[in-house]
Amino acid sequence: MIVLSGGTGTPKLLAGLRRLIPDEEITVVVNTAEDILVSGNLVSPDVDTVLYLFSGQLDDTKWWGVKNDTFHTHQALKKMGLDERLMIGDIDRVTHILRSEMIRSGAGLTEATLRLSSMLGVKARVLPMCDEKVDTMINTPQGIIHFQDFWVGQRGEPEVADVIIKGIEKAKPTNEVLRAIESEENVLIGPSNPITSIGPILALKGMRKILSRRKVIAVSPIIGSAPVSGPAGKLMEACGFPVSSKGVAECYGDILDIMVIDQGDTVDERDFSVKTVRYDTMMTSVEKSKALSEYILDLLKAF
């Protein structure tokens, strides 16, 4: 099964999905537009969250980083005057150093990720969306800043005029991503931010055309008029979409076959242009994530 992932919402769904499908049968295509250099090393936060999930290391209290990690290096650097853009754990930093050394030695991001997967014992196939450098930039009244500076550095507080995916016009899905999608009938878009987590994947050259030939089901990260977590609402509004599950469906457009919204969502499913169904999408436990995953698999079988 192909899963498009970014942020923390989709990894929560993957935690339940892998209880129903062997890891070897799951391919995750991951957003890389939030990647950033920290202290000279490439941090690929969305990729790493998925790697840590499948290797059993993920801190599932935060849904990022390594559980029980320490921050000695980060704190020592801060003490000496270097305030890093992100708070990096010591074990987490090892992943960034290894990735960066591979890339400095000539590997692409996909090759580096596959090698890291092997080192970590990950059996699922975790694929960056592309090998080209792509950056999600946020246009604020104070200027254009990287998504990480907006969300982590400034806690998502600035007003947003626009979202720019820098470098996307030169980016394309890797051969590994293309082969994976061509070999599978079903594609699941997890409940991630439709603008900054899923949007860059869909904006890759030819990606929408490829997905239009597949069964695509998406889970909304919005309930009522607010996201379950993160800045999706503010970003959707800036991009001209209503902050609602219907707005999420509009973001995805005609590639979408089925939309899953929360059972308590206030929208009317009759207003959607695609088949829309309701289920409990609040994944407050692995058991609830598994139940939602099972419901999705049943929908795809019946489709």
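**Close-up views of a predicted model**

**View 1. Helices H4 and H5 are oblique to each other.** That label follows because angles under 35 degrees count as roughly parallel, over 145 as roughly antiparallel, 65 to 115 as roughly perpendicular and the rest as oblique. Here the axes of H4 (residues 90–104) and H5 (residues 109–120) cross at roughly 135° and come within 9 Å. (Axes are lines fitted to C-alpha atoms, for helices over the stretch in contact, and angles run from 0 to 180 degrees between N-to-C directions.) Helices are DSSP runs of H or I with at least four residues, strands are E runs of at least two, and both are numbered from the N terminus. This is a predicted model, where local features need pLDDT of at least 70, side-chain atom pairs count only at pLDDT 80 or more, and totals for chains, interfaces and linings use all residues. Residues are numbered from 1 along each chain as its sequence is written, and side-chain values use heavy atoms, leaving out hydrogens and water.

**View 2. Who touches whom between H4 and H5.** From H4, Thr-95, Leu-98, Arg-99, Met-102 and Ile-103 meet Leu-109, Ala-112, Arg-115, Leu-116 and Met-119 of H5 (contact means heavy atoms within 4.5 Å).

**View 3. An open sheet of seven strands.** The strands run in the order E5-E2-E1-E9-E10-E13-E14, with parallel pairing; two strands pair if DSSP finds at least two bridges between them. At the edges sit E5 (125–128) and E14 (275–279), each pairing on one side only.

**View 4. Strands E9 and E10 up close.** E9 (residues 186–189) and E10 (residues 215–219) pair in the parallel sense over four bridges. Val-187 has Val-216 in E10 as its bridge partner.
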